[in-house]
Amino acid sequence: MPALSLVALVSVVSTVFAGQLAAHPPQQHHHHHHKHWAQICSGNPNNAIRGCDRYGCGRFGAHRHGGKETHTGVDVVCADGAAVYAPFGGQLSGPVRFFHNGNAIDDGVQIKGEGFCVKLVCIHPTRYHGQIRRGQLLGRMLPMQKVFPGIISHIHVENCDHSDPTDLLRPDVPPFPQQDRHWATICSGNPTNEIRGCDKYGCGYFKAPRQDGKTRHEHTGVDVICADGATVYAPFSGELSGPVKFFHNGNAIDDGVQITGQGFCVKLVCIHPIRYSGRISRGQVLGKMLPMQRVFPGITSHIHVENCDHSDPTGNLERGKGQGRRE
């Protein structure tokens with residue numbers, strides 16, 4: 001029966017090809033069911049990549065060691081202790097030592113399968129060998145803050161052939177329902193997150209001109225109006241880290257905190273948080289506005305809101321436009 005022979009032949013060829021693929025997986029092979037990898041870290045559904053902090057930047061090819069080297073992977077934002085999942089199904093092998101010094105984050109694992117091969121570092125895997133399914137629990141994020149205090153905690157994701165994994169990290173569908181793209185009210189008394197206009201000290205919009213002595217620069221965040229002493233709320237759910245010192249001079253408003261979660265990472269400055277670490281939920285009390293009038297008499301008191309990657313947070317702060325008064 002010719003039809004049956006053809007089926008048998010296709011089966012044999014498929015088996016041989018599968019064996020060749022397992023032995024020599026072409027990186028970024030897109031002929032399987034999933035074009036993009038699954039969520040890697042709990043609290044980061046769209047695999048948001050670390051922006052820049054005082055230790056460097058998380059994008060592929062970013063400068064390392066004073067420009068002498070480039071970043072061979074991508075840093076996926078992940079809070080210390082968070083659950084880590086397999087981006088695709090495959091075979092585990094490890095451990096993978098990235099720092100080779102036995103520090104608190106010097107652990108990781110390799111996954112090979114579905115035409116991919118990737119190393120995930122700064123995690124402690126559930127095991128170093130055996131099969132794992134896409135989306136299955138892979139391990140836990142290690143305590144990066146112990147080694148690099150104040151860094152944007154992250155998993156280092158590196159393709160085995162050192163190609164760029166950025167496109168594979170983007171989700172197949174938009175990560176948030178439309179209503180969740182906007183952050184919650186940040187300050188009591190300012191339900192729409194109104195941004196400070198201009199006063200004798202300057203303006204509150206993103207990239208407004210700033211002058212520090214003789215140096216001119218641009219505003220790296222947005223100033224959300226907030227009365228001194230007002231209650232401050234978490235704009236989204238995530239992991240706290242801090243303190244964040246903006247002025248570095250110990251003045252009455254030199255305090256703040258960072259929140260990482262839901263694909264966002266933001267610093268809220270000129271507030272005193274209830275705590276500097278642990279989980280917080282969207283809309284939960286985050287702290288109190290500090291006495292800005294003591295430092296800048298007559299200014300429009302405000303919270304300085306700055307994305308960790310220095311992108312513009314204005315679109316996330318705009319709440320309820322065209323939606324009446326409902327959440």
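Buried residues, those under 20% relative accessible area with a 1.4 Å probe and protein chains only, make up 45% of the 327 residues in the chain. The model is predicted: local features need pLDDT of at least 70, side-chain atom pairs count only at pLDDT 80 or more, and totals for chains, interfaces and linings use all residues. Residues are numbered from 1 along each chain as its sequence is written, and side-chain values use heavy atoms, with hydrogens and water left out.

The chain holds 5 helices and 26 strands. These are DSSP runs numbered from the N terminus, with at least four residues for helices (H or I) and at least two for strands (E). Contact means heavy atoms within 4.5 Å. Of the contacts in the chain with a separation of 6 or more, 66% come from residues 24 or more positions apart. The chain exposes about 16,400 Å², by the Shrake-Rupley method with a 1.4 Å probe. Carbon and sulfur atoms supply 56% of that area.

A search of the whole structure finds 12 aromatic pairs. Rings of Phe, Tyr and Trp (its six-membered ring) pair if their centres lie within 6.5 Å; planes under 30 degrees apart count as stacked, over 60 as edge-to-face and the rest as tilted. Trp37 and Phe88 form a tilted pair, 5.4 Å centre to centre with 50° between the planes. This pair links distant parts of the chain, 51 residues apart. Trp37 sits in the loop between helix H1 (2–23) and strand E1 (52–53), and Phe88 in the loop between strand E6 (83–85) and strand E7 (90–93). Trp37 counts as buried because its relative accessibility is 3%. Phe88, at 0%, counts as buried too.

Trp37 also pairs with Phe116. Here the arrangement is edge-to-face, at 5.5 Å centre to centre and 85° between the planes. Phe116 lies in strand E9 (residues 116–121), 79 residues from Trp37. Both Trp37 and Phe116 are buried. Elsewhere, Tyr55, Phe98, Phe99 and Phe148 form one aromatic cluster.

Gly130 is found in strand E11 (residues 130–132). Its relative accessibility is 23%, so Gly130 counts as partly exposed, a class that lies between buried and exposed (over 50%). Leaving aside neighbours within four places in sequence, Gly130 is in contact with Gly90, Gln91 and Leu92. Gly130 and Gln91 are 39 residues apart in sequence, yet 5.7 Å apart in space, C-alpha to C-alpha.

A volume is the space filled by probe spheres set on the points. The largest pocket holds about 710 Å³ of space. Of its 31 lining residues, Gly150, Pro243, Val244, Gln258 and Lys267 are the closest to its centre. E1, strand E20 (238–241) and strand E21 (256–261) each supply at least two lining residues. E20 gives the largest share, 3 residues.

The second largest pocket has a volume of about 530 Å³. It is lined by 18 residues, of which Arg210, His217, Phe246, Phe247 and Phe296 lie nearest its centre. Strand E16 (209–212), strand E17 (215–218) and strand E26 (302–307) each give two or more residues to this lining. E16 gives the most, with 3 residues.

Notes: On a 1 Å grid over the protein atoms alone, a cavity is a set of points where a 1.4 Å probe fits but cannot get out, and a pocket is an open set with protein on both sides within 12 Å along at least five of seven lines; lining residues have an atom within 4 Å of a point.
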